[in-house]
Amino acid sequence: MNSHDQFRELIEAYALGSLDSADRALIEAHLASGCAECAKALEEARWLVSQLAYLAPNAKPSDMLKGRLLQTVRAEAAGPVRQETVRGGIPWWLWLGVAALLLFSVYSAWNEQHLRSTVANLQQQAEAQRIERQKLEEQLRVAKLQAHEAMIWMDPKSVKIMLPPKDPKMPQLEAMWHPELGLCVRGWKVPSPGDNRVLQLWLIPKAGGKPMPSVTFWPDASGTFSAMVENPPDAMSATQALAITEEPIGGSSQPTSAPMWVGGVS
């Protein structure tokens, strides 16, 4: 056994503060001699002892446990002082330290798993709340839009514009333009546009300029749609007609197909 093995057990007990005065003086004299390996071992042992305090859960002992501990301490104080070791020369306190560390490790692993489970549940709840909030926001947006459209269709200041189809087999559309609230176009039993295609509204100016692009939209499964323009790109008095064409998804800056519906603005 080398000198480092000789002092190894004393170093761990020294870090715990459980050595008697003779052993404590012996290990301190050895450390004072400048042994780097034992000094490093003492540093590791002290670090381990410091971590035990963080691993231990906060708990207040019961009155019954306090009483039993006091009885044990009194009995130990009254009896002869002895140092117990187990077979193989390992001190009993070292076994207790190992057992305590094992218990702390098990508790730490359980606590970590419990925290992970809690965090996962909170994340699931937050995601569910986010989805629900998005649904409510969308419902609120649709409700506001419907209320706005209803105001346009019911206000006496609105001007009704009929949009007859170029194809007699297609349904007629209608629009309502309010000078302040905006423009709303709607239709029923309108066929869906082709793949990757949308319907787009255009405002034809009286001055003979280029058509002004406006909103794009799709009819639903029943062929119904309602498209609203809160801020039309041109004034109603400066607009000659409304037109609807079929365009690529995303819309176009200028029409790429012949108008399917056209209606003059009075």
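1. Two strands pair if DSSP finds at least two bridges between them. Strands here are DSSP runs of E with at least two residues, and helices are runs of H or I with at least four residues, both numbered from the N terminus.

2. A word on what we're looking at: this is a predicted model, where local features need pLDDT of at least 70, side-chain atom pairs count only at pLDDT 80 or more, and totals for chains, interfaces and linings use all residues. Residues are numbered from 1 along each chain as its sequence is written, and side-chain values use heavy atoms, with hydrogens and water left out.

3. The chain has five helices and eight strands. Reading from the N terminus, the order is α-α-α-α-α-β-β-β-β-β-β-β-β.

4. Now the sheet. Four strands make an open, antiparallel one in the order β1-β2-β3-β6. β1 (159-163) and β6 (225-229) sit at its edges with a single partner strand each, so one side of each has no neighbour in the sheet. From one strand to the next, the twist averages 15 degrees (axes are lines fitted to C-alpha atoms, and angles run from 0 to 180 degrees between N-to-C directions).

5. Inside that sheet, β2 (residues 173-178) and β3 (residues 182-187) run antiparallel and are joined by five bridges. His178 has Gly182 in β3 as its bridge partner.

6. On burial, 26% of the 266 residues count as buried, meaning under 20% relative accessible area with a 1.4 Å probe, protein chains only. The chain exposes about 17,900 Å², with 58% of that supplied by carbon and sulfur atoms (Shrake-Rupley method, 1.4 Å probe).

7. As for contacts (heavy atoms within 4.5 Å), take those between residues at least 6 apart in sequence: 58% join residues at least 24 apart.

Terms used
Buried means under 20% relative accessible area, exposed over 50%, partly exposed in between (1.4 Å probe, protein chains only).
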